[in-house]
Structures are given as structure tokens and as C-alpha cells.
Amino acid sequence: MASGFSAYLRRDLLLAYRRRGEAASPLIFFVMVSTLIPLGITPESARLAEIAPGIIWVMALLATLLSTDSLFASDYQDGSLEQLLISPQLLAMPVLGKVTAHWMVTGLPLTLASPLLGLMLALPAAGYVPMMASLAIGTACLSLVGSVGAALTVSLRKGGLLLSLLVMPLYMPVIIFGSATVQSAIDGFAWSGPLAILGAMLAAAIALCPLAAAGALRLTSIN
Amino acid sequence: MNWLSNWSPSWQWFHRLGSPRWFYQTTGRWLPWLSLLALALLGTGLVWGLGFAPQDAKQGNSFRIIYLHVPASFLALAGYYIMAIAGAVGLIWKMKLSYMVMKSAAPIGAVLTFLALFTGAVWGKPTWGTYWVWDARITSMLILLFLYLGVLALQYAFHSNEAGNKASAILALVGTVNIPIIYKSVDWWYTLHQPATIKLTSAPSMHPDMFQPLLVMILGFYCFYVVALFLFTRAEILRRERKTTWVKELVLGEPQS
């Protein structure tokens, strides 16, 4: 069981490493959209600081959403997904391995790059550590939930936009508690509460999402 | 499944329920009575609630929209459960009919959710002075509407009925995770909205004269929901079973052999 997890983790990381340009796009998107905020709203740092926690979280969510589409797509196109489906092992473990790899090439770089965005959007100093902690946990939730949507839409030719419609409502609790973590730290309150709820969501997502995604892959991708 | 039907005769109704033809014929007999009941309850509730129930001390007559708002919100939430359960039954027992029920429940639920949001906005203007407030329950209802729209969009995105059924059943089940959050959100982010006035565990804090017509309206909405669900499902049955002999005989009016 664990071998399925680690094999697919290693395989997907290797694939992402060989296609570095593709893997970097969500990160570039994340940084680029941050330029739109001062241009579109205001360059004043006092007002930027007010909205920075929410804006950074919204952009991280959109960046993750953009990359979720490709989670199973290339495997579906080259037929290796079918090989995975007929293999005799529990499907949820390879799926979890793939999702972990997806998080390591999208969520983790976003988390590491977020202080840069915090700087550009004048995030108050108290917000940096909570922002990175909540992004690390929250983007993992987003990848897991997104995997269910990606599995449901993998056999559709134009699944990308539909995928965002399906998973966006499921993302909303994550962004509520993610930005609440940063905001309460900035306001000088204890931020461990919302972060703990994010952790609980991650625990539930690890337990349930790979199973749901595996079920969705079995039911919808073979016709 | 054979051992199941041999095992106990009480399972027969369950298998018979899986037959679209049986469902079509039975609901055809029930529909006139159910429609009458729904009409009577809705008519009584509306006349009683809008005409005879006492005015609210603070909100005056504007509170009377509660007689549409609350039943619509009830059914919007219950409808999601009905859709998800029908989807689960379809996934587990591979029953055609329950997929048809699931597909029919989605548009009805979406419209009821929209109705709840719309009446809430209309009610909000005289009460809070604004049509829209980002309050916990309003936001949850909006998310519920998005969930319904997702299920609908997924259902129609697939060319084959079967793949669309399974995919939207899974999505509906995943979405039920969101329903407890919708209820919990009342406690979490309570801001402008009134606290939940009807609780099953305690006595209602509304005056009985206002509450009784509301109860009639809720019952009426439930009956109306069932009627609408039956009508949608019957149309879906005819569409999907159009190649079977019994549908051909039904449409062409030929005697059944």
C-alpha cells in the first residue's frame, strides 16, 4: 500500500522536474496577479495592508485551482491512468501520492514565495509566520479537494472551467479559516485557533478525498 | 442481489421501486391527490399567513414574507439531502430510477435556493435597509446554490447519461460535507441575521398565531416539492425509456399486450 504512494510520489515529482516550465506557471501567476492589486485598487500601503491577508489567500487559491486541472490529465491522455486503474492495489494510495506531489510543486512553492508577496502588498510584520503556516496547510487541503474535481472531469475535453465551478464552493471553508488565521495574528489575537481548524480540515481531507477521487476515477474515466 | 430478494419478502418494495415503469404508473395514481393536498395547504397557509396572522411588533407587515422565505430555505436544504441520498442509492444499488430522481432534484433545489435568497433580499431591504449582507446564513445559502449549479453543470457536461449520473452523484455526496458547515455557520459567523427561530428540540420562540400558518406553509412546500419531483422524474423516465415498448404503447395509446 505504501509502495503505491511512494512510487507515484516519486514518479510525479520526476515528471514535474522534467517539465519545470509547466510546474513554475502557478507560481509565476501568483506573483504576477499581485501586481494587479496595487494597479487596480490603490498603491497606498496603509490600504494595501488592510486587504493583504485576504488578497494573498484568494490568489493562492486561484493559482492552485489553475494547476489542479493537470493532475490526472496527462495520465489520462497517455493511457497510464488506465494501467493504474486495472492494477490490483488500493487506488487511493497512488492518488494520495499524486496529490502530495502536486502539492509539493504548487502549494509548497506558493508558501515559500508568499513572504515576497507580503512585502509587495505591505503585509504587517505579525502576519508573515501565520500566513506561511496557514498557506502550507491550506494549499494541501486545496490540492486534496481539487483532486476530486479533477478526477470527475478528467474524461471531459473542456473540463478546466467546469472543474473550477465544481470545487470553488468546496474551497470556501478553507479560505475563510486561512485568511482568518492571518487576520487574527495581525489584530494581535491568538492565531492557533483558526490554524487548528485548518489542520482538522486537512486531516479530514487526507482521509476522505483520495477515496472520493479514486471512486470518481473508477466510475467516470472508463466508459 | 438475488439472495437479497430471497432472503426477505420485505425487500420486494425496494426492488419494485427500482422499476421506472412501476414508479411511473404508481405516481400517476398519487399525483392528483398530492397536487390537491399541496394546493389546499399552500392556499390555506397563504391566506392565513398573509391575511389573518397578527402583525409583527417591530417589522409590521413586512415580516409576512417569512411564509415564503422559511419554507423555501427548508426545502432548499432538504432537497440537497434528497438529491445526495438518491445519488448514493444509485451508486450503491446501481438503480436507474434513483439517478433520474437525483437529476430531477437538482434543478428544483437550485430554484428553491434562489427563491430563498431572493425573498431574503426583499425582506432585508425594509428590515436591515439593504438588499444584501455578507452574513453567515446568506453566504451559506449562496454556496448551496453554487453546489447545486455544480451538480447541474456536471450532469449536462457528459455526453453519456451514465457517466454524468455517476459523476454528479459523487459530487453531490462530496457536497453534503458542506451541509453541516452550513448549519454550523449559524453559530460561527453569526452577525446580522436573526438566530434560528424554529428548532426541533425546543419550543418555538414565535407566537403560536404566527407559527401555525408557517407550519402549514412548510407542509405545503413539502407536498409541492414531492409533486414537482414526481413530475420532473416522470418526464425524465419518458425521455430515457423512450425506446421501451411500454413507453411506446403509452404514447401511441395502443392496448398493452
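Reader: How many helices and how many strands does chain A have?

Author: This is a predicted model. Chain A has 10 helices and 0 strands. Along the sequence its pattern is α-α-α-α-α-α-α-α-α-α. Chain B also has 10 helices and 0 strands.

Reader: What share of the residues counts as buried in chain A, and what share in chain B?

Author: In chain A, 47% of the 223 residues count as buried. In chain B, 34% of the 257 residues do. The cut-off is 20 or more other C-beta atoms within 10 Å.

Reader: What part of the contacts in chain A with a separation of 6 or more comes from residues 24 or more positions apart?

Author: Such pairs make up 83% of those contacts in chain A. For chain B the figure is 75%.

Reader: Why is Ala122(A) called partly exposed?

Author: Ala122(A) has 17 C-beta neighbours inside 10 Å. Buried needs 20 or more, and exposed needs 12 or fewer. The count of 17 falls in between, so Ala122(A) is partly exposed. Ala122(A) sits in the loop between helix 7 (107–120) and helix 8 (128–153) of chain A. Its phi is positive, about 55°, although it is not a glycine. Most residues other than glycine have a negative phi.

Reader: And why does Lys94(B) count as exposed?

Author: Lys94(B) has 12 C-beta neighbours inside 10 Å. Exposed means 12 or fewer, so Lys94(B) qualifies. Lys94(B) lies in the loop between helix 4 (66–93) and helix 5 (96–128) of chain B. Lys94(B) is not a glycine, yet has a positive phi of about 50°.

Reader: What makes the span of helix 9 of chain A close to the expected one?

Author: Helix 9 (residues 159–186) has 28 residues. Helix 9 does bend, by about 40° at Met168(A), and Pro169(A) follows within four residues. After the helix comes Gly188(A), with a positive phi near 85°.

Reader: Where does helix 10 of chain A bend?

Author: Helix 10 of chain A bends at Ala205(A), by about 35°. With 29 residues, helix 10 reaches 40 Å, close to the expected 42 Å.

Reader: How many residues of chain A are in contact with chain B?

Author: 18 residues of chain A contact 17 residues of chain B. Helix 8, helix 9 and helix 10 (192–220) of chain A each supply at least two residues to the chain A side. Helix 9 gives the most, with 8 residues. That side divides into 14 nonpolar, 4 polar and no charged residues.

Reader: Which residues have the most contacts inside the largest nonpolar core?

Author: Cys141(A) and Val145(A) do, in a core of 123 residues. Helix 4 of chain B provides the largest share of this core, 14 residues.

Reader: What does Val145(A) touch, beyond residues up to four places away in sequence?

Author: Val145(A) touches Val167(A), Leu170(A), Tyr171(A), Ala205(A) and Cys209(A). One of these, Ala205(A), is where helix 10 bends.

Conventions:
Residues are numbered from 1 along each chain as its sequence is written. Chains are lettered from A and ligands numbered from 1 in the order in which they are written. This is a predicted model: local features need pLDDT of at least 70, side-chain atom pairs count only at pLDDT 80 or more; totals for chains, interfaces and linings use all residues. Two residues are in contact if their C-beta atoms, placed from the backbone, lie within 7 Å. The expected span of a helix is 1.5 Å times one less than its number of residues. The bend at a residue is the angle between axes fitted to the seven residues ending there and the seven starting there. Ala, Val, Leu, Ile, Met, Phe, Trp, Tyr, Cys and Pro count as nonpolar, Asp, Glu, Lys and Arg as charged, and the others, Gly among them, as polar. A nonpolar core is a set of buried Ala, Val, Leu, Ile, Met, Phe, Trp, Tyr and Cys residues joined through C-beta atoms within 7 Å.
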